[in-house]
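Take the model below and follow it from its sheet to a pair of helices. Keep the sequence at hand for the residue numbers.

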Amino acid sequence: MRTFHAGFEPGHPPVRVCLGAGVRAGIGAEVVTLGLSRALVLTTPQQAAQGEAICAQLGALAHGLFSRAAMHTPVEITEAAVEAARGADCIVAIGGGSTIGLGKAIALRTDLPQIVLPTTYAGSEATPVLGQTANGVKETLRSPKVQPEVILYDPELVATLPVGLTVTSGLNAMAHAVEALYARDANPLSDQLALGGLRAFREGLPRVVADPGNLAARESTQFGSWLCGTVLGAVGMALHHKLCHTLGGSFDLPHAETHAVLLPHSAAYNAGAAARELAPVAELFGGSVSGGLYDFAAALGAPLALRDLGLAKADLDRAADLAVKNPYWNPRPVERDAIRALLQRAWEGARPQ
């Protein structure tokens, strides 16, 4: 087991990070170390059995299980979870972005400490960022209140993650790193975090696809997940994340898959305006930023078209309109017609030019 404390924002407490096979066995000790004794366990409905196992492991330290976490963190689910958390003194979230997002949303409202066991690679656990959906609109915020106190990366928890979900989750994390390179507040440290995360996934994802049970490869990609998630929390994001939040919050597209499809296209949109910043990405992926990312995703069997995720062609105009409303900062101006063309190519699954 490798353990370290990390924290990159002034005034934010450091996060305890544990990485290694079997670290989940120490979850009860983590609760006690924090001086706590009543943990509410969170999962999605699909991972309820894992939540029940964690409750059994915690024994008298378990307050109960809430297994209704959902994509894009709907506020109505959060409100129900806050009620379930009455009497608890901490949160244990086991799962991916949906469950981790719910834990953050509860913490924002209650200040309950969080212990997180990620089962995907999206990296949300490493950030003080929360995205929530209300009335069909997803909005994000940044607050030290939502940063988990403890992260337990156990490769055994992702060893059975289906290959398809492994790939899309990894590409989701890589999107954080690509956008961090051209962020308005990028700096030498964030650049190294981003490039380290991209290298970890470029080398590790093909190994995991070839041998999903390879714990060494899984652990390597989990560290890549932490790097990409940490850089997401350290600098601002741009067009790619605005597009994903629009399509997820307003059209209910699956989170990781949407990131996977859009990444080459958002990189293509910004390739000219951020050529210097993206040059290391081109070097990592065969000389082309957008084409290289597209080919990497295709070789891993990732989804390539928004239409395959359930987005109707008739929704593209509305999606473009929403994407340019209250735009995030971006190195290239966010122009409605250009965004509409980007979405058209992503909907078709065409290789970016």
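This is a predicted model: local features need pLDDT of at least 70, side-chain atom pairs count only at pLDDT 80 or more; totals for chains, interfaces and linings use all residues.

Residues are numbered from 1 along each chain as its sequence is written, and side-chain values use heavy atoms, with hydrogens and water left out.

Start with the sheet. Seven strands form an open sheet in the order S1-S2-S9-S6-S5-S3-S4, and the pairing is mixed. Its edge strands, which pair on one side only, are S1 (2-6) and S4 (62-66). From one strand to the next the twist averages 15 degrees. Helices (H or I, at least four residues) and strands (E, at least two) are DSSP runs, numbered from the N terminus. Two strands pair if DSSP finds at least two bridges between them.

Strand S9 (residues 150-153) can be taken next. Strand S2 (residues 15-19) runs parallel to S9 and is joined to it by four bridges; Cys18 has Leu152 as its bridge partner there. Strand S6 (residues 114-118) is also parallel to S9, with two bridges, and Ile115 stands opposite Val150. In a regular strand the side chains alternate between the two faces of the sheet. In S9, Val150 and Leu152 point one way, Ile151 and Tyr153 the other way, and all are buried (under 20% relative accessible area, where exposed is over 50% and partly exposed in between, with a 1.4 Å probe and protein chains only).

Further along the sheet, S3 (residues 39-42) and S5 (residues 90-95) pair in the parallel sense over four bridges, with Val92 in S5 as the bridge partner of Val41. Helix H4 (residues 97-110) lies across S3, S4, S5 and S6 and runs at about 165 degrees to S5. Axes are lines fitted to C-alpha atoms, for helices over the stretch in contact, and angles run from 0 to 180 degrees between N-to-C directions.

An unreviewed UniProt entry annotates residues 166-347 as "domain: Fe-containing alcohol dehydrogenase-like C-terminal"; such annotations may be inferred rather than shown by experiment. Residues 166-347 are 71% helix and 0% strand, and their end C-alpha atoms lie 22 Å apart.

Now consider helices H7 (residues 188-210) and H11 (residues 275-284), whose axes come within 11 Å and cross at roughly 15 degrees. Leu195, Leu198, Arg199 and Arg202 in H7 meet Pro280, Val281 and Leu284 in H11, contact being heavy atoms within 4.5 Å.
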